[in-house]
Amino acid sequence: MTDRYAVFGYPINHSKSPRIHQLFAEQTQQNLSYQAQAVPAEQFTTAVSEFFADGGKGLNCTVPLKELAWQYAAEKTPRAEFAKAVNTLKMQDNGLLLGDNTDGCGLVRDLTDNHSIQLNGKRLLILGAGGATRGILAPLLEQQPTSLTIANRTVAKAQGLAADFQTLAIINACGFEDLVGQQFDIILNATSASLSDQLPPLPDNLLVANGICYDLAYSNQATAFVRWGQQHHAQKSLDGLGMLIEQAAEAFYLWRGVRPQTQDVIALLNAERAATN
Ligand code: NDP
């Protein structure tokens, strides 16, 4: 029998998740289907309960549903509790729905395993203080950077995150204008500005020589922040396609107990998008 999985979100038509999970399933010879379903926030509870009542095994939830999924899950992993957001739901044998958040783990795997970027001992800057930043903070802090700064347009949101995570580490919170005169080894863009090809206002000397830029957003063309990194001589200026594939692999592992190899999938999706340019 084919086990059913899906991703819920709104909008969802450009999601790469069905393709990624289909490639994982072929590679690991797992008998499963994975569909994308457009689910607006107001239909979330009905859609999720119907999916699992019909025998569905697991769900991914994306924008704007991650907080709702966190509220809905009966049990949560510690990293999902920290994130206050759930991107993966699994129906357990005991009938209780487990919520996990694999985004932060996916980001750290992409940085450390795929790109050999160590976070330990580095000065880290995160741009943006939304749901994605909340999700990646605990896994990033586990890597023991020297310092972590969150800069956001709405400074109070960065300060709120710093307060929420103060048991894990001291986090500096500021506005973009406060970044003048500061320098960082690694800059992560977790604003959604890239999605409209925009960029937060950033001072020119923000990145050290040979520093790293990473945009959580991804696109067939270089995002505005990836281009900023290239213009400011980053050693590497990357986008979030690898993170997307790694968070999917972690969800697949949670559901199936089998860890797919991500290298070939990353290479294939990179080749496919290069062919579109
Ligand atoms: P949210 O809507 O929760 O937060 C958006 C953040 O971006 C806020 O901090 C907001 O600032 C800031 N922002 C939006 N527009 C601008 C702008 N024009 N200038 C400066 N700041 C701006 O979004 P998420 O946190 O959920 O997602 C953020 C990004 O991360 C998205 O691009 C998303 O695609 C990506 N992402 C990628 C994943 C992957 O697997 N690769 C996984 C998860 C997310 P303010 O608080 O002031 O409004």
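## Lys66 and Asp103

Lys66 and Asp103 form a salt bridge (a side-chain nitrogen of Lys or Arg within 4 Å of a carboxyl oxygen of Asp or Glu), with their closest N and O atoms 2.8 Å apart. Lys66 belongs to helix H3 (residues 66-72) and Asp103 to helix H5 (residues 103-114), so the contact ties together parts 37 residues apart in sequence. Helices here are DSSP runs of H or I with at least four residues, numbered from the N terminus.

Asp103 is buried at 11% relative accessibility. Buried means under 20% relative accessible area, exposed over 50%, and partly exposed in between, with a 1.4 Å probe and protein chains only.

## Basis of the values

The model is predicted: local features need pLDDT of at least 70, side-chain atom pairs count only at pLDDT 80 or more, and totals for chains, interfaces and linings use all residues. Residues are numbered from 1 along each chain as its sequence is written, and side-chain values use heavy atoms, leaving out hydrogens and water.

## Contacts of Glu250

Glu250 pairs with Arg79 in a salt bridge of 3.1 Å, N to O. Glu250 lies in helix H9 (residues 241-256) and Arg79 in helix H4 (residues 78-83), so parts 171 residues apart in sequence are tied together. Glu250 is buried, at 8% relative accessible area, whereas Arg79 is partly exposed at 28%.

Arg109 also forms a salt bridge with Glu250, at 2.8 Å from N to O. This pair links helix H5 to helix H9 across 141 residues. Arg109 is partly exposed, with a relative accessible area of 23%.

## Network and total

Shared partners join the salt bridges of Arg79, Asp100, Arg109, Glu250 and Arg259 into one network. The salt bridge count is 11.

Conventions: Helix = DSSP H or I, 4+ residues; strand = E, 2+ residues; numbered from the N terminus.
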